[in-house]
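Please consult the sequence and the coordinates alongside the text.

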Amino acid sequence: MNLWEIILASSLFYIGTAAPAGTIPGITLQLQRLLTPSSIGSGGAPDLTLSQQLLLAPSRYAKYQLLANDDFMFDFGDTSKNTELTSGGYLVDATSETFPALVGQGVGMALGFLGPCGFNTPHAHFGGTEFFLPFNGTLQTFLMLEPPATDSGATPRIVNLTLNALQGTIFPQGSTHMQFNPSCETRAFVAAFGTDDFGRTQQFEALFSLPDAALEDALGRSLDENEIDMVRKKIPGPVIVGVDECMRSCGIFRRSQRHA
């Protein structure tokens, strides 16, 4: 009997003795599903993704042995890796999920392209702080800093910057921020993170995911439930074309409905 079989046998024995049938509904069924033959590889161990194997590796050397040479390369130009692709541009994230070689390395990166009048709408990264750097031309950035803990209802401090190529800024972990391309040319940027799992939360989509009744009160009853639903349906994707003044100067016409 190999180690994996011993673990399974001891686990089943413990469950059978410590939790008689019917005393903890659902537990037995979940374990039976977990231990079905389809979940166990031909070698007697569960089939694990590369990222899962890397998480379980006991040393850096063991991690590197799991990676082929090609696994150390991430292609930001591979369109299949576009995590957000819209008319305003696209974003590609290198995380432990999309680039397993990052597992345990404590770094991550995103590359973005904003088309003419491209607008990377308000969002936050709860996993880590972002170091943002434009490659070419000018980008406008907007950052909302948290108020003091003693006055949580205070208006957040707003930091608006106009960044030229190779001028960087940071967006602290969890802060709401956005970027805008005020030109009629495509602009590129890189965003570095001190984590391999920085995540992204769209602020308006998060807010409008609340139940209508709660949201109505949270907005000071400035919108009724029908209006809330109308706004919810019109919230655009993460990267859009926006700002009327820029669109007029670039000859871009706004669609009447940007998000169905």
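The questions below concern a predicted model and proceed from the overall fold to disulfides, salt bridges and local features.

Q: How many helices and strands make up the secondary structure of the chain?
A: The model is predicted, and local features are considered at a pLDDT of at least 70. The secondary structure of the chain comes to eight helices and 12 strands.

Q: What percentage of the contacts with a separation of 6 or more is accounted for by residues 24 or more positions apart?
A: The chain has 260 residues, of which 32% count as buried. Among contacts with a separation of 6 or more, the share of residues 24 or more positions apart is 72%.

Q: What part of the accessible surface of the chain belongs to carbon and sulfur atoms?
A: The accessible surface comes to about 15800 Å². The part that belongs to carbon and sulfur atoms is 58%.

Q: Which cysteine is joined to Cys-117 by a disulfide, and how far apart in sequence are the parts that the pair ties together?
A: Two disulfides are found in the whole structure. One of them joins Cys-117 to Cys-246, with an S to S distance of 2.1 Å. Cys-117 lies in the loop between S3 and S4 and Cys-246 in helix H8, so the pair ties together parts that are separated in sequence by 129 residues.

Q: Is Cys-117 buried or exposed?
A: Cys-117 is found in the loop between strand S3 (108-114) and strand S4 (118-124). Its phi is near 60°, a positive value in a residue other than glycine. Because the relative accessible area of Cys-117 is 0% and the cut-off is under 20%, the residue counts as buried.

Q: Is the disulfide of Cys-184 and Cys-250 left-handed or right-handed?
A: The S to S distance between Cys-184 and Cys-250 is 1.9 Å. Cys-184 lies in the loop between strand S9 (176-180) and strand S10 (187-193) and Cys-250 in the segment after H8, so the link ties together parts that are 66 residues apart in sequence. The torsion about the S-S bond is about -90°, so this disulfide is left-handed.

Q: Which pattern do the disulfides of the chain follow?
A: Cys-117 is joined to Cys-246, and Cys-184 is joined to Cys-250. With bonded cysteines counted along the chain, the pattern is 1-3, 2-4.

Q: How many residues apart are Arg-232 and Asp-212, which form a salt bridge?
A: The closest N and O atoms of Arg-232 and Asp-212 are 2.7 Å apart. The pair links distant parts of the chain, with Arg-232 in helix H7 (residues 225-234) and Asp-212 in helix H6 (residues 212-218); the separation is 20 residues.

Q: Which residues are linked with Arg-232 in a network of salt bridges?
A: The side chain of Arg-232 also meets that of Asp-229 in a salt bridge (3.6 Å, N to O). These two residues both lie in helix H7, three residues apart, about one turn of the helix. The residues linked with Arg-232 in the network are Asp-212, Asp-229 and Lys-233.

Q: What is the relative accessible area of Val-243?
A: Val-243 lies in the loop between strand S12 (239-241) and helix H8 (244-249). Although Val-243 is not a glycine, its phi is positive, about 70°. Val-243 is partly exposed, with a relative accessible area of 38%.

Q: What is the accessible area of the nonpolar patch formed by Leu-48, Leu-55 and Leu-56 together?
A: Leu-55 is found in helix H3 (residues 50-56) and counts as exposed at 63% relative accessibility. Together with Leu-48 and Leu-56, Leu-55 forms a nonpolar patch on the surface, with an accessible area of about 320 Å².

Q: Which residues are in contact with Thr-95, leaving aside its neighbours within four places in sequence?
A: Thr-95 lies in the loop between strand S2 (89-94) and S3. At 11% relative accessibility, Thr-95 counts as buried. Leaving aside those neighbours, the residues in contact with Thr-95 are Pro-100, Leu-102, Asp-196 and Phe-198.

Note on methods: Residues numbered from 1 in each chain as written. Predicted model: local features only at pLDDT ≥ 70, side-chain atom pairs only at ≥ 80, totals over all residues. Heavy atoms only, no water. Helix = DSSP H or I, 4+ residues; strand = E, 2+ residues; numbered from the N terminus. Buried < 20%, exposed > 50% of the residue type's maximum accessible area, 1.4 Å probe, protein only. Contact = heavy atoms within 4.5 Å. Areas by Shrake-Rupley, 256 points an atom, 1.4 Å probe, with all protein chains shown as cover. Patch = residues over 30% accessible without salt bridge, like charges linked within 9 Å, V, L, I, M, F, W, Y side chains within 5 Å. Salt bridge = Lys/Arg side-chain N within 4 Å of Asp/Glu carboxyl O. Disulfide = S-S within 2.5 Å.
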